[in-house]
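Dear colleague,

I am handing over the structure we spoke about, and I would be grateful if you could look through it with the notes that follow.

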Amino acid sequence: MIKKITIDQLMPGMFVHQILEQKGTLTVKSQGKVTSTDVVNALKKRGVKTLAIDTDKSFDVSEYLPSASSDSAENKPSEKTLPAIKTVSLEKELTRASKLHQQGKDIQKLLLASVQKETPFDTSIPKAFSNKLVESVDRNPDALLCLTKIREKDDYLLEHSLNVAILLANFGKYLGMSEEEVQDLSYAGFLHDLGKIKIPDEILHKPGRLTESEMEVMKGHVKHGVDYLESMDIAAPLVRAISEHHERLDGLGYPAGKKGDAISKAGRMLAIADMYDALTADRVYKPGMSSQKAFSILMSDAPSRLDKALVQQFIMCLGVYPVGSLVLLSNERLAMVLEQKDSPLTPVVKVFYSVRNSHYLTPRDIDLSVDKTVNIVKAVIASDYKIDVNGFFERSVSIG
Ligand SMILES: [Fe+2]
């Protein structure tokens, strides 16, 4: 498919079919695959403004972006979106965020135990915790986002809801929601899967596909959670969003089979963050997929099942290479994305592993928007290289 994009949307991996608009008269070779950010920069320098790309020959990242010719408001990112202002350095915030992350897992454990025993819990604790998460995201969103990528394989149930809360705090802020709305959204994320504790372990942790009858049992987690939360002091719109996190726009979700507009915006956002975290999570029986693969799955579920405009905004919020994810650089080294700057293709990264020599390097930060000698080749996952990211993170990133 031929699609019109602006030069700012052009990325390595895309196949340029034709230059559509450019300043000046300098002719530019108009067809071919963009192999690096250098090519993008060269085209910018030559005044190229819009181009047609061939999505069949391109790496599928192009699908994530709204088309330049689209005037439809729903396809455009919110005009209210503003780049996050970081008031605290990543290094400083990571110390606080690490404690908060551990605290989140501890609170989640207590909540699950209360749901299992059907005893009430003091809602002021998770509520205050969610507010602290949002405060950390306000100070520097990269710290908690980094931590969402550091997983203990046996802690999925605890980490998943915490990660969804962190993702939603970022997503809500990106969409320009008010502080209170962001807090509520993050709180809903933190509580969304509590009903899972009522699902027998052999179904909950089953590697591979569930049978039809097992799936029916699994689907019950939404009702278990909602029934419990309704008996507690939780605001109705939050419970509603939680009840909708497996509903899909085509009506084929569960438990109610709600369709289209019947699903609240918060419910749609929760569905996207939930799915993204589940796809990228390392499990005991399988490694998590790369963010890019997860993005393409989310996009393939839009617009029939997921809200397309929200999926696009979610991807733009996290960036093409999300903070905490691993990338292969053109000098055959692996790096972790640490910070998103102006351009989604040139984040600040920490280089720590040589693929050529299969050994760890003394970690070094590189701002790819400044150092033009290297660029990102692709997103990768740790298991492809059998490296221990958690160990690297603890040694080199978390407490500097
Ligand atoms: Fe769920």
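Predicted model: local features only at pLDDT ≥ 70, side-chain atom pairs only at ≥ 80, totals over all residues.

Residues are numbered from 1 along each chain as its sequence is written.

The secondary structure of the protein comes to 13 helices and nine strands, where helices (H or I, at least four residues) and strands (E, at least two) are DSSP runs numbered from the N terminus. Of the 400 residues, 42% count as buried; a residue is buried if 20 or more other C-beta atoms lie within 10 Å of its own, exposed if 12 or fewer, and partly exposed in between, with the C-beta atoms placed from the backbone. Among contacts between residues at least 6 apart in sequence, 66% join residues at least 24 apart, a contact being two C-beta atoms, placed from the backbone, within 7 Å.

Turning to the sheet, five strands form an open arrangement in the order β8-β7-β6-β5-β9, with antiparallel pairing; two strands pair if DSSP finds at least two bridges between them. The edge strands are β8 and β9, each of which pairs on one side only, and neighbouring strands of the sheet are turned by 30° against each other on average, direction ignored. Angles here run from 0 to 180 degrees between N-to-C directions, and axes are lines fitted to C-alpha atoms, for helices over the stretch in contact.

Within this sheet, strand β7 (residues 348-354) and strand β8 (residues 359-367) pair over six bridges, with Val-348 partnered by Asp-367 and Val-351 by Arg-364. These two strands form a hairpin with four residues between them, and Ser-358 in the turn has a positive phi of about 50°. Strand β5 (residues 326-329) is joined to strand β6 (residues 333-339) by three bridges, and Leu-328 has Leu-334 as its bridge partner in β6. That hairpin has three residues between its strands, with Glu-332 in the turn at a positive phi of about 60°. Four bridges join β5 to strand β9 (residues 376-380), where Leu-329 stands opposite Ile-376.

In the loop between β5 and β6 lies Ser-330, which is partly exposed because 15 other C-beta atoms are within 10 Å. Ser-330 and Thr-373 are 43 residues apart in sequence but 8.7 Å apart in space, C-alpha to C-alpha.

Leaving aside residues up to four places away in sequence, Ile-272 touches Leu-298, Leu-306, Leu-310, Val-311 and Phe-314.

Finally, helix α6 (residues 179-191) and helix α10 (residues 265-280) pack at an angle of about 50°, with their axes 11 Å apart. The two helices are therefore oblique to each other, since angles under 35 degrees count as roughly parallel, over 145 as roughly antiparallel, 65 to 115 as roughly perpendicular and the rest as oblique. Leu-185, Ala-188 and Gly-189 in α6 meet Ala-266, Met-269, Leu-270 and Ala-273 in α10.

With kind regards
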